[in-house]
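Me: I am new to this structure and would like to go through it in questions and answers. Please keep it plain.

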Amino acid sequence: MARLCTVAFALVAVGQLCSALELTPDNWEKKVKGKTLFVKFYAPWCGHCKKLKPDWDKLMRDFKGSKKALVAEVDCTGDSQTICETHGVTGYPTLMWGRGVNLHVYEGARTYQDMKLFADDHLGASCGPAHLELCDEKRRALMEKFMKVPPEALDARIEIAKNQMKKAEQLFIHVEQEMVNNIRLAEQQRDQQIRSIREGKGLPASSGTLELTPANWDEHVGDKMLFLKFFAPWCGHCKSMKPDWDRLAADYEGTNTALVAEVDCTAAGEPLCTKHDVTGYPRLMWGQAGDLVLYTGARRYDDLLSFAEDHLGESCGPNTLSLCEDTHREAMERFAGMSLEKREAKSKGAKKAIEKAENAFQDAQWNHTLAIDLAEQKKVEQLQTIQDQGLSEAIQVQTWNKKQPPDFWTPPVAPTPPPSPDFLRDALFEVAGVEVSGFAAIVSVGCVLALFLRRPKRAVRTCRPRHILMKEKAAIETAKVRLDAGEDFGTVAAECSACPSGQEGGNLGLRQEGSMNSVLDALCFDSATKLGELVGPIESPFGFHLFMVDERDGVSSTDSEKKTK
């Protein structure tokens, strides 16, 4: 299932960053003069940069009022690229500190607490218990509250909060592993069904996509022309293209001149990925074994097949028996011995049955992936609730307490109400309106998800859209001109879209009503939006979109159809 473009959120967030804290060639000299620096060098598309952003933004706010230090950032993809080159930045994010041109790489942990401790030791005064005057109003109030709590009691409460966060993480991991196992089981069932269908129709059986490793490379590769997918099991785009790749691999199975296969870069295939300099997933490469080159075309089945036919040649079939390996030739000869009408009838019947099995797997995968998304959303909400109640500020006070002399703490003169207990007691997870404590939540969530996945299907409104996302209106209008002139939507999406779905031809997958931004959701489920018709440019909080609906179900009887190809 394709997920809605997280990169779009990043573009909006980056645009909101206070310009005073972003260093450029124009302001570098003025901003850094006489100050000790702590700088994040980043790229807007970098996943680890996005993950670090909330904690780094908080650290920048801590030092915003400092006269002697500056915590800032540099965008290495824009006009500030020269700054990154000057300081030898080759990966993102890179954190560096020091004065002037003498910057050193920060190699510590990248949590807010760890970076804060480092910055306090090396940069000087910032927002904290010892310098409340440098804090904004909200953080000052939180710290003052926790400074009134006995240190031992604060230690205990922080430990409880950390345990609560750990339980939330463990709950999500449990659900994620359960759903991933369910997806693998559904995939095995699909493969078994397809094998049974092919055997029942007298077609050559398929053993599934071959996974290459150093141990079996020589056995299967030889002097064949190769088309390989280097992947990681956790990679979202790898999952999205798997059905199309498996279909292509089945087309070429048993061919003695060509091989379509895959390499798992997280398992036994890792040395092959290192040998071929694979740094991102999925990576498609083709050619002879000693001369693989990068494939940069679209990744839908029709595009992959067209490329394979042009560059790998014909595959083993009833009319190309000379291309069949011995293991497939006998079965293919039997198939070739049938009359043309019988072959076509069996192939047509098998194709329909295989499509049904594939659709059943896609539905199962979509449901299980949705369950993972919901569990992750719940985890994020729980962790954010704890953070919003001041855990970071409590830890800062705790660290400050430990640096004070013995018996420094005295009770406040006036009695004050205790801090909000929400994150200072044992973790409570709300499941279907019922609160349960600790690991009992895991069992409860498992039961709820099991009921969700096994309940009778209800009528739901779904659509299958494609889009191209761009930040600038002028750029999206240029893309529209290309589409109006007849260029392929998927090709333009792969080349231009800021959304990761661009690599899938702009395909956002099967979407349930309410699962997208309201602007796109309204278009997708409006019967006035004709299937297969280009709509846009449309503006949303993420930028400008060109939008197309390929399939819609549940809106009206006339819309329960697919776009004519």
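Me: At what angle do helix α5 and helix α14 pack, and are they parallel or oblique to each other?
Reply: The model is a predicted one. In it, α5 covers residues 112-123 and α14 covers residues 391-402, and their axes are 11 Å apart. The packing angle is about 40 degrees. Angles under 35 degrees count as roughly parallel, and α5 and α14 are therefore oblique.

Me: Which residues of α14 make the contact with α5?
Reply: The crossing of the two helices is right-handed. From α5, the contact uses Y112, Q113, K116 and L117. By class, the contact of α5 with α14 has three nonpolar, four polar and one charged residues. On the α14 side the residues are S392, I395, Q396 and T399.

Me: How is helix α3 oriented relative to α5: roughly parallel or roughly perpendicular?
Reply: Helix α3 spans residues 47-62, and its axis is 9 Å from that of α5. The two pack at an angle of about 30 degrees. The cut-off for roughly parallel is under 35 degrees, so α3 is to α5 roughly parallel.

Me: How many charged residues does the contact of α3 with α5 have?
Reply: The crossing of α3 and α5 is right-handed. L52, D55, W56, K58, L59 and D62 of α3 meet Y112, M115, K116 and A119 of α5. Sorted by class, this contact has six nonpolar residues and no polar ones, and the number of charged residues is four.

Me: Which residue is joined to P93 by a cis peptide bond?
Reply: Most peptide bonds are trans. P93 lies in the loop between α4 (81-86) and β3 (94-99). The omega of its cis bond is about -10 degrees, and the residue joined to P93 is Y92.

Me: Where is P282, and what is the omega of the cis bond that joins Y281 and P282?
Reply: P282 is found in the loop between α10 (270-275) and β7 (283-287). The cis peptide bond joins Y281 and P282, with an omega of about -15 degrees.

Me: Is D277 buried or exposed?
Reply: D277 lies in the loop between α10 and β7. Its phi is positive, about 55 degrees, although D277 is not a glycine. Most residues other than glycine have a negative phi. The relative accessibility of D277 is 59%, and exposed means over 50%, so D277 counts as exposed.

Me: Which strand has the lowest confidence in the protein?
Reply: The protein averages a pLDDT of 79, and 81% of the residues score at least 70. Confidence is highest in strand β5 (residues 225-231), at 95. It is lowest, at a mean of 32, in residues 428-431, which form strand β9.

Me: How many contacts beyond near neighbours in sequence does the stretch of residues 420-458 have in the model?
Reply: Over residues 557-565 the pLDDT is below 50, and that stretch has 18 contacts beyond near neighbours in sequence. Over residues 420-458 the pLDDT is also below 50. For residues 420-458, the number of such contacts in the model is 63.

Me: What percentage of the residues in the protein is buried?
Reply: The secondary structure comes to 18 helices and 15 strands. Among contacts between residues at least 6 apart in sequence, 71% join residues at least 24 apart. Of the 565 residues in the protein, the buried ones make up 44%.

Note on methods
Residues numbered from 1 in each chain as written. Predicted model: local features only at pLDDT ≥ 70, side-chain atom pairs only at ≥ 80, totals over all residues. Heavy atoms only, no water. Axes fitted to C-alpha atoms, helices over the stretch in contact; angles between N-to-C directions. Helix = DSSP H or I, 4+ residues; strand = E, 2+ residues; numbered from the N terminus. Parallel < 35°, antiparallel > 145°, perpendicular 65-115°, else oblique. Left-handed = near helix turned anticlockwise from the far one by under 90°. Contact = heavy atoms within 4.5 Å. Nonpolar A, V, L, I, M, F, W, Y, C, P; charged D, E, K, R; others polar. Buried < 20%, exposed > 50% of the residue type's maximum accessible area, 1.4 Å probe, protein only. pLDDT = per-residue confidence, 0-100.
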